[in-house]
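Thanks for making time this morning.

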Amino acid sequence: MSWSLKGRAPIAAFDPPTRHRILNSHIMTRCTNKPLLWVLEELCNLRSLGGLTGPLHSVDYFICLVARLLQICPAPAVVRVMLEQEVHKYMRAAALVLIRLIGSVDFQKEALRIGWDDYRKLCLYGKAPAQEWKESTADAAAPTATAEGHASTLSSSLLPLQQKRPRTEVGRGEGDRDSAPQPPRYWLVRLDEFTDYLFGTAPQFEESGAGGSRALPAHVFMGIQLPALIL
């Protein structure tokens, strides 16, 4: 088991916008220059986890602890102990995220095996994982259609007062208000489901079956952009 850093710093596993938001957040100041044992103790005391949430991409404390682990870059043997221990479930979740970001292929397969065998419940703060997966893997044509619909509604709202908008446009505007983005909330997910959404395996196997491709697509989970994997 080893890390797959490819000549880069471990913290560079986050994409630049995500890395900037995390490292420059106010809550990250709690983790600045903290040692590994302090981070592990904080993971033992967590009651929920999350990433970047809401329209302002608010940073959760859990992802700050993961970022601090990336800065420390502990030995793979330490992270394997975090993964295999069965007492602290949020510590195991942090180990899964760390391995997903910088772990080697063998390390990721081992993490999948252990994560799939754990059915304890986690408290996840943010958007619904299934909705986040669907939105991040949707076709690029959907945003174009949405933009066109918004433009037509906006242009019709600028008509002179004596001109009345068609009833269909009025109804469509009410529907848009009903489908407004929902605020983040707390969700209960099992650790095996968390592993599926983290690695992007569950939707892949549902569509292609157990004998399908082992190329796992890039997607967004907990507001974090995760790269594609080939296992």
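What you see here is a predicted model, and in it there is one cavity of 30 Å³ or more. The space in this largest cavity comes to about 30 Å³. Which residues line the largest cavity? They are F14, I63, V97, L101, L198, F221, M222, I224 and L226, and by class the lining has nine nonpolar residues, with no polar and no charged ones. Two elements, α5 and β8, which spans 224–226, each give at least two residues to that lining.

Let me stay with α5, and look at its helix partners. Helix α3, residues 61–72, packs against helix α5, residues 89–102, at an angle of about 55 degrees, and the two axes lie 10 Å apart; the pair is therefore oblique. The crossing of α3 past α5 is right-handed. On the α3 side the contact uses F62, V66, L69 and L70, and these meet Y90, A93, A94, V97, L98, L101 and I102 of α5. Sorted by class, the residues of this contact are eleven nonpolar, no polar and no charged. If you look back at the cavity for a moment, V97 and L101 are among the residues that line it, and both also belong to the α5 side of the contact with α3.

The other partner is helix α2, residues 36–44, which packs with α5 at an angle of about 120 degrees, with the axes 7 Å apart, and that angle makes α2 oblique to α5. Here L40, L43 and C44 of α2 make the contact with Y90, M91 and A94 of α5, and its residues divide into six nonpolar, no polar and no charged. Please note Y90 and A94, which take part in this contact and are also listed for α5 in the contact with α3.

Two or more lining residues come from each of α5, α6 (105–116) and β9 (229–230). Which element gives the largest share of this lining? It is α5, with three residues. By class, the pocket lining has seven nonpolar, four polar and three charged residues, whereas the lining of the largest cavity has no polar and no charged residues.

How values were computed: Residues numbered from 1 in each chain as written. Predicted model: local features only at pLDDT ≥ 70, side-chain atom pairs only at ≥ 80, totals over all residues. Heavy atoms only, no water. Axes fitted to C-alpha atoms, helices over the stretch in contact; angles between N-to-C directions. Helix = DSSP H or I, 4+ residues; strand = E, 2+ residues; numbered from the N terminus. Parallel < 35°, antiparallel > 145°, perpendicular 65-115°, else oblique. Left-handed = near helix turned anticlockwise from the far one by under 90°. Contact = heavy atoms within 4.5 Å. Nonpolar A, V, L, I, M, F, W, Y, C, P; charged D, E, K, R; others polar. 1 Å grid on protein atoms, 1.4 Å probe; cavity = no way out; pocket = protein on both sides within 12 Å on 5 of 7 lines; lining within 4 Å. Points joined across faces, edges and corners; volume = space filled by probe spheres on them.
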